[in-house]
Amino acid sequence: RIANGRRSPVVHRRLHRRPGTAHAMAASSLSSAFPVAAATAAAGVRRVHRTSTPTSSSAPSRVRASFGGLSLDTGAGGGLSLDGRRRLGASRAVVDAAAESLAVDAPSSSTAGVDWEALDATIVNQTTLAILDKALEMFGDELAIAFSGAEDVALIQYAALTGRPFRVFSLDTGRLNPETYQLFDDVQKHFGINIEFTFPDEKAVVDLVNAKGMFSFFEDGHKECCGVRKVQPLRRKLKTLKAWVTGQRKDQSPGTRMAVPAVQVDPAFEGVEGGPGSLIKFNPLTNATSQEVWDFLRVMGTPVNALHANGYVSIGCAPCTRAVLPGQQEREGRWWWEDAAMKECGLHSGNMTADERAKQDAREATDEDIFVDGSVTALTRTGIEALNDEVVHPHTTLAVLYAPWCPFCQAMVGGFEEAAARLTARGVHVVKFRADADEKAWSQETLALTSFPTLLLFPEGRRGFVKLGSERRDADSLDIFVNSIVGAAAAPVV
């Protein structure tokens, strides 16, 4: 006997079923004895679960199912009930016949021996719907969909379309945006489901915050906080499952997600049975693009996070998520203060593989230069060192520390040269210093180089420099930067 679950308002029958499949056969088996129950069954199977493996042809496995308002239990004392109100006195032959008809939809009792790489090769080019349907078919309620509160809501929409029962869980880190909490509520109401929420360990959070404060991740990276608020709770949840479903796609972050199989043995987490290989991971959206996902959500009228309308694409905790600009990779809106580790064009070469180091050395060997229109003066190490050592700067100087092979330096050439033309007309000196290769270590120690490009302003009448603190390097922003430190007026060049 299974309590009658709430019905999804979308589609209940699998899209590829044909007349004569499980729910139709079950209805046929019941029709002669219980026409009302048969009509209810024909409306569509809601939940099927086989609880034991048959030991002989005369002892079928126990099957529990609900379809429409009808509940079926083939165990001892079981039978049929309608809307949970009364038992229908079906004969054991009728009940067993219905059970055997329904058993084709029961999840496999074991996935031992499955060649997951071979299965991935079989399904990786299938549709998202087909991949997710396969996952639910194989694991049933031993599988759950991970829902972050972003566009992975598409997985829930696809799951509803399979007509199979499904579970959804989400990690509430305690620091999500209000819009994300609202989406959780909207999704539960829209699909008629209950999201299983998982929370971080209270003591672990208290210990971290008391020791390092509320925003330690800005100082020493996000991994420790994520470990406490996300990874540990996720690990605990996955230990209750045999499989899970994620919304990972290959196009989200090409540097890290290009190898996203449709199904794989999870390399990082363990399932309920424990040990390596005990958890299976499905990525049904692997081949989908962001555009395809959003087209699907729009035509289906699926609830989405209101932050998406404000330029947010990849959504996580509130302090660690921001909107992205057109053309940026969607995950550049996450942990952006750490982007230098990926965008510094080789500053952290100790983290590189030998192959990456070789490629970096080849890039640094280039003789090609940038900022060459005549508005920017090139300085040698001696020149930039003398500028930095001045006790009082006799005039204002704007300097860019750059590497000509760095795409972020290349992208700012036009804006910087425009700013240089404006500033030199006002008496501001504009210079460049190539700070890669042999000059890198010195520049990091002496000129606060953390990433390319780095912009420094040496103000007239003062000592030292002021470092531009943002990534806004267009001509107008550089004008504002200089004006805010030395004022808008400057003496003409003498």
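Predicted model: local features only at pLDDT ≥ 70, side-chain atom pairs only at ≥ 80, totals over all residues.
Okay, let's start with Thr128 and what it touches: setting aside residues up to four places away in sequence, those are Tyr158, Pro284 and Leu285. Thr128 lies in helix H5, and at 12% relative accessibility it counts as buried, because the cut-off for that is under 20%.

Let me zoom out to the whole chain for a second. There are 494 residues, and 49% of them count as buried. The secondary structure comes to 19 helices and 16 strands. And if you take the contacts with a separation of 6 or more, 68% of them are between residues 24 or more positions apart.

Gln182 and Asn305 are 123 residues apart along the chain, and their C-alpha atoms are separated by 7.9 Å. Gln182 sits in helix H7, and with a relative accessible area of 42% Gln182 is partly exposed.

In soluble globular proteins, nonpolar side chains tend to be buried together. In this chain the largest nonpolar core has 44 residues, and the ones with the most contacts inside it are Phe147, Phe166, Val187 and Phe282. Which elements give two or more residues to it? On the helix side we have H4 (116-123), H5 (128-139), H6 (153-162), H7 (178-191) and H12 (290-300), and the strands are E6 (143-146), E9 (243-245) and E11 (280-282). H6 provides the largest share, 8 residues.

What does Phe147 contact once you leave aside its neighbours within four places in sequence? The list runs Asp152, Val153, Ile156, Val168, Phe169, Ser170, Leu183, Phe184, Val187 and Ile195.

Okay, helix packing. Two packed helices are described by the angle between their axes and the distance between the axes. Take H6 and H7: their axes come within 12 Å and cross at roughly 10°. The cut-off for roughly parallel is under 35 degrees, so that is what H6 and H7 are. On the H6 side the residues are Val153, Ile156, Gln157 and Ala160, and they meet Val187, His190 and Phe191 in H7. By class, the contact of H6 with H7 has 5 nonpolar and 2 polar residues, and no charged ones.

H6 also packs against H12. Here the axes come within 10 Å and cross at roughly 60°, and that makes H6 oblique to H12. The crossing of H6 and H12 is left-handed. If you want to see who's touching whom, look at Val153, Ala154, Gln157, Tyr158 and Leu161 in H6, which meet Val293, Phe296, Leu297 and Met300 in H12. The contact of H6 with H12 divides into 8 nonpolar residues, 1 polar and no charged.

So how do H8 and H10 run, parallel or antiparallel? The axes of H8 (residues 202-212) and H10 (residues 223-238) come within 10 Å and cross at roughly 165°. Over 145 degrees counts as roughly antiparallel, so that's the label for H8 and H10. Their crossing is left-handed. From H8, the contact takes Ala204, Val205, Leu208, Val209 and Lys212, and from H10 it takes Glu224, Cys225, Val228, Arg229 and Gln232. Sorted by class, the contact of H8 with H10 has 6 nonpolar, 1 polar and 3 charged residues.

The peptide bond from Phe452 to Pro453 is cis, with omega near -10°. Pro453 is in the loop between helix H18 (440-446) and strand E15 (454-458).

Ala448 is found in that loop between H18 and E15 as well. Ala448 isn't a glycine, but its phi is positive, about 60°. At 29% relative accessibility, Ala448 counts as partly exposed.

And then there's Ala437, in the loop between strand E14 (429-434) and H18. Phi of Ala437 is near 50°, again a positive value in a residue other than glycine. Is Ala437 buried or partly exposed? Its relative accessible area is 36%, so Ala437 is partly exposed.

Definitions and conventions
Residues numbered from 1 in each chain as written. Heavy atoms only, no water. Core = buried A, V, L, I, M, F, W, Y, C linked by side-chain atoms within 4.5 Å. Buried < 20%, exposed > 50% of the residue type's maximum accessible area, 1.4 Å probe, protein only. Helix = DSSP H or I, 4+ residues; strand = E, 2+ residues; numbered from the N terminus. Contact = heavy atoms within 4.5 Å. Axes fitted to C-alpha atoms, helices over the stretch in contact; angles between N-to-C directions. Parallel < 35°, antiparallel > 145°, perpendicular 65-115°, else oblique. Nonpolar A, V, L, I, M, F, W, Y, C, P; charged D, E, K, R; others polar. Left-handed = near helix turned anticlockwise from the far one by under 90°.
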